[in-house]
Amino acid sequence: MPRVVKDPKVCPPLGLESHRVAADQILASSTSSHRYSPQRVRLNMQASGNEDDLNGGAWCANPEEKEHWIELDAHSLTEFTGVITQGRDDPLENDYITSYYVAFSNDSREWVLLHDDYSEWMFFGNSDKQTPVTSQFVEPVVARYMRLLPQSWNGSLCMRMEVMGCPLPDPANLYQSQNEVFHRDDLDYSHHSYQDMEKLMKSVADECPDITNLYSLGKSSKGLEMYVMEMSDQPGKHETGEPEFRYTAGFHGNEALGRELVLMLMQYLCKEYKDGNPRVRRLVDGTRIHLAPSLNPDGHVKAFEKGSELGTWLLGHWTEEGHDIFQSFPDLNTVLWDAEDKGIVPKLMPNHHVAIPEGFLIGVETRAIISWMENHPFVLGANLQGGERLVTYPFDMYRLTKEDEIRTIEDQSLFRWLAISYASTHRTMTQVGQGGCHSEDPTGGLGIINRAKWKPVPGSMNDFSYLHTNCFELSIFLGCDKFPHQSELLREWENNKEALLTFLEQVHRGIRGIVMDKEGNLLSNATVSVEGVNHDVRTAESGDYWRLLNPGEYRVTARAEGYSPLTKTCVVGFDPGATLCSFNLTKSNWDRIKAIMALHGNKPIRLRTLLRGNFHQLEGPLTKIFLHSRGGRYAL
């Protein structure tokens, strides 16, 4: 009878790329320099542009040594099922291994090369430096240690890798693990294609029709819908006095973790709302939540075809038109900063809602996102990205002042709080000693950093959102692995769930209110300013506003065209919920004055002197208005 050949067992990555494998688990025969240490062997490790630092884009062996190997200690018996190799990340050099052996050990002293009954198995490596190549073992090999022994290479002996394996149960902890009770939310912990995402979002809408509204904010370059799930107790409309919040993901199509977390969050909110979870009910009933999981669906299609380990660092990163969506927004920083340097802010140019310069070329996806931002009174938002584990707050663009100081955002203390609210409630983001993904931890263990001081970019969504709309936006980098294996999604949900909810709750921080006139008419586009903070917000079409603030006492002024400004003191406490701070404005005479000036061609009006001295009373329509005389001419 013919022998049935089974497909080889496939295990998930042990975690070199995600950094679940710690630095002390990796050892090498030698290294060419400190910049290319064994810890740099992780799949998709990125090199810095500074040749003098320790952040090279691979492990590189000392060419003077005769034997070369890189070793992994799994810390326990493991079924090893395969290896993924990749060349060195470098803009100039073209280094990668082309063949290698694999050996195993249980004590790190005696090693056995993987072989059949006749000879050792030689595995073929890479043909370029960026594309990952998988070598699958015919049968799993049980061991604690694994070595990869390069035999031939292109250029210098440099490589990156991931190891596939299934840790075996520890008999000493077997009884304990069998009796532990683990809570697991009933969610779909899998990667979703575009079609799968459509089905899932429609199923959530069908399961919770009273609190959901599935809509599209536009289409991608290739015609795919950019879906958004709205979740609110009255979906489909803005409720006066209720803030609007957004989570966005998938700006870069290969950063799949954010996409899946947003999909899991909408499932969670739906199920927990139905089950009567008081926290979720309070969030959904008091907030209009918008969840956009995939803003670059074309890019994700490319990355999804390759899968979680076999795509390159940049495959699917850009749109079909070649744009990096996150940093393709109009550069309003330069517009504002140039005006500030001239001293015309806010007298001649406002410090908020900066206009988009004429002639700015915008991609299809970016144009749709801007329209979405302008048509909803968003208060707070975060975009979920990948490739690092930290939270960044704006400004994202770097520029020095005349005093050679880096320009900081007006609401910096608030942004730092918002960033900390996520990082501190994430399970691993602030763990001391874990380091950064591609360098030393740039946050110093805090988990947050100003983007301009880390990796500045012009034209970011965060800066644009702050300068063009009312919405405060920051970026959440979820982890080192942009496209983690499906087996990691449950763990990542548990890492991020509390942080996602806590950050969402921050939309109810600060002051809120309605601006109207004495007759009760709601005033849209009224300006609300806070003394000491050179950044104002506007009221929505329904006259309501929200101004995020840290606890404290503030003097707040509301202004609207044709009305006298009104200032009052508003106190923000430490208790949850925004402080109500509404305004009733009184009409001013400026509309009548402007009409009279228009009749005179907006020229200075010559007035008849009625009283001697420095003050004169105006006759006719301008009665009861007193102005200081300057030679009988009044420039109103």
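Helices and strands here are DSSP runs, numbered from the N terminus, where a helix (H or I) has at least four residues and a strand (E) at least two. The model you are looking at is predicted, so to speak of a local feature takes a pLDDT of at least 70, side-chain atom pairs count only at pLDDT 80 or more, and totals for chains, interfaces and linings use all residues. Residues are numbered from 1 along each chain as its sequence is written, and side-chain values use heavy atoms, with hydrogens and water left out.

Let us step back to the whole chain. Its secondary structure comes to 12 helices and 29 strands, and the C-alpha trace spans about 115 × 55 × 45 Å along its principal axes. Of the 636 residues, 53% are buried, where buried means under 20% relative accessible area, exposed over 50%, and partly exposed in between (1.4 Å probe, protein chains only).

Now to the interior. A nonpolar core is a set of buried Ala, Val, Leu, Ile, Met, Phe, Trp, Tyr and Cys residues joined through side-chain atoms within 4.5 Å. The largest one has 93 residues, of which Y247, L291, I369 and Y422 touch the most other members. Helix α3 (residues 256-274) gives this core its largest share, 11 residues. Take I369 as a guide: not counting residues up to four places away in sequence, I369 touches L217, M226, F251, L295, I325, F329 and M461. A second, separate core holds 28 residues, including A61, V102, L114 and M161.

Rings of Phe, Tyr and Trp (its six-membered ring) pair if their centres lie within 6.5 Å; planes under 30 degrees apart count as stacked, over 60 as edge-to-face and the rest as tilted. By this rule there are 20 aromatic pairs. In one of them, F104 and F137 have ring centres 5.9 Å apart and planes at 90 degrees, so the pair is edge-to-face. Because F104 lies in strand β4 (residues 96-105) and F137 in strand β7 (residues 133-154), the pair ties together parts that are 33 residues apart in sequence. F104 counts as buried at 6% relative accessibility, and F137 counts as buried at 2%. Both belong to a cluster in which ring pairs link F80, Y100, F104, F123 and F137. Another pair joins W372 and F378, whose ring centres are 5.0 Å apart with planes at 70 degrees, so this pair is edge-to-face. W372 is buried at 4% relative accessibility, and F378 is buried with a relative accessible area of 2%.

Finally, visit two single residues. K302, in helix α5 (residues 297-306), is partly exposed, with a relative accessible area of 35%. Leaving aside neighbours within four places in sequence, K302 is in contact with L315, G316 and E320. The C-alpha atoms of K302 and L315 are separated by 6.9 Å, although the two residues are 13 apart along the chain. V572, by contrast, is buried, with a relative accessible area of 6%. With neighbours within four places set aside, the contacts of V572 include G510, I511, L549 and Y554. Between the C-alpha atoms of V572 and G510 there are 5.8 Å, and along the chain these residues are 62 apart.

Technical notes:
Contact = heavy atoms within 4.5 Å.
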